[in-house]
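Open the structure in your viewer and keep the selection tool at hand.

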Amino acid sequence: MATMNWRTINIDLLDPESPANFSIATLSPAAPPVSASEVQSLSSQIKQLLRGGDSEGALRGALENPPYGGDAAAKEVHLATVVEILQSIKQSEMSPMLTRIYDSEGGVEVLDVLMKYLYKGMSHSSKPSSASTGSMSPQPTGFSQIHSRGGGEGGGQAMSVLLSWHEKLVEIAGLGSIVRVMSDRRTV
């Protein structure tokens, strides 16, 4: 009788539900490919709604059609559109609007997509831009402080808006929204 070292047996190969036996790509649903021009035309339609005063319709339209199958450029265009919509909505309108969306059919999924865009927007506005990395001022503590020079809307204001939306969204949709977004393999 031959002796076998049982410690060298790969038991994952014996388990039919092991990731070694199936492709992990099957865990995320297939998303139809979306071109940057399609996202650009959708963005212009959404901005037309926003200019017409229908901010809730614009937000809903942007969140119901995320470009899951798009390339990086298409996703960036859509992110810019969503952030522009969020910045145009007054803080006093946030909670009632989120409540109406949450109570509507498919509202939970729409708010989960909003949470994805909030996190993506926060990750983008925390990255220093190429213009701001050149202006570093040394501090007495030995640390350098990076600050942007120039006017316009800075990342701090955009971050403040995104954090306000995050606070209201967690208040309405609950912590489950965060868990669903973190575990979803589809990215915006």
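Predicted model: local features only at pLDDT ≥ 70, side-chain atom pairs only at ≥ 80, totals over all residues.

Side chains of opposite charge can pair when their charged atoms come close. How many salt bridges are there? The count comes to six. Three of these pairs make up the next stops.

**Stop 1: K47 and E84**

Select K47 and E84. Their side chains form a salt bridge, with 3.5 Å from N to O. K47 sits in helix α1, residues 36-51, and E84 in helix α3, residues 72-88, so the pair ties together parts that are 37 residues apart in sequence. Now look at accessibility. K47 is partly exposed, at a relative accessible area of 27%. E84 is partly exposed too, at 35%.

**Stop 2: R180 and D112**

Next, select R180 and D112. They form a salt bridge whose closest N and O atoms are 2.7 Å apart. Which helices does the pair link? R180 belongs to helix α7, residues 176-183, and D112 to helix α5, residues 107-125. The two residues are 68 apart and join distant parts of the chain. Is D112 buried or exposed? D112 counts as buried, with 10% relative accessibility, because buried means under 20%. R180, at 35%, counts as partly exposed.

**Stop 3: D184 and K116**

D184 lies in the segment after α7, while K116 is in helix α5. Again the pair links distant parts of the chain, 68 residues apart. K116 counts as buried, at 8% relative accessibility. D184 is partly exposed, at 23%. K116, D184 and R186 are linked in a network of salt bridges.

**Stop 4: the second largest pocket**

The pocket holds about 210 Å³ of space.

Which elements give two or more residues to the lining? They are α2 (55-64), α5 and α7. Color α5 to see the largest share, six residues. Finally, color the lining by residue class: seven residues are nonpolar, seven are charged and none is polar.

Terms used: Residues numbered from 1 in each chain as written. Heavy atoms only, no water. Salt bridge = Lys/Arg side-chain N within 4 Å of Asp/Glu carboxyl O. Helix = DSSP H or I, 4+ residues; strand = E, 2+ residues; numbered from the N terminus. Buried < 20%, exposed > 50% of the residue type's maximum accessible area, 1.4 Å probe, protein only. 1 Å grid on protein atoms, 1.4 Å probe; cavity = no way out; pocket = protein on both sides within 12 Å on 5 of 7 lines; lining within 4 Å. Points joined across faces, edges and corners; volume = space filled by probe spheres on them. Nonpolar A, V, L, I, M, F, W, Y, C, P; charged D, E, K, R; others polar.
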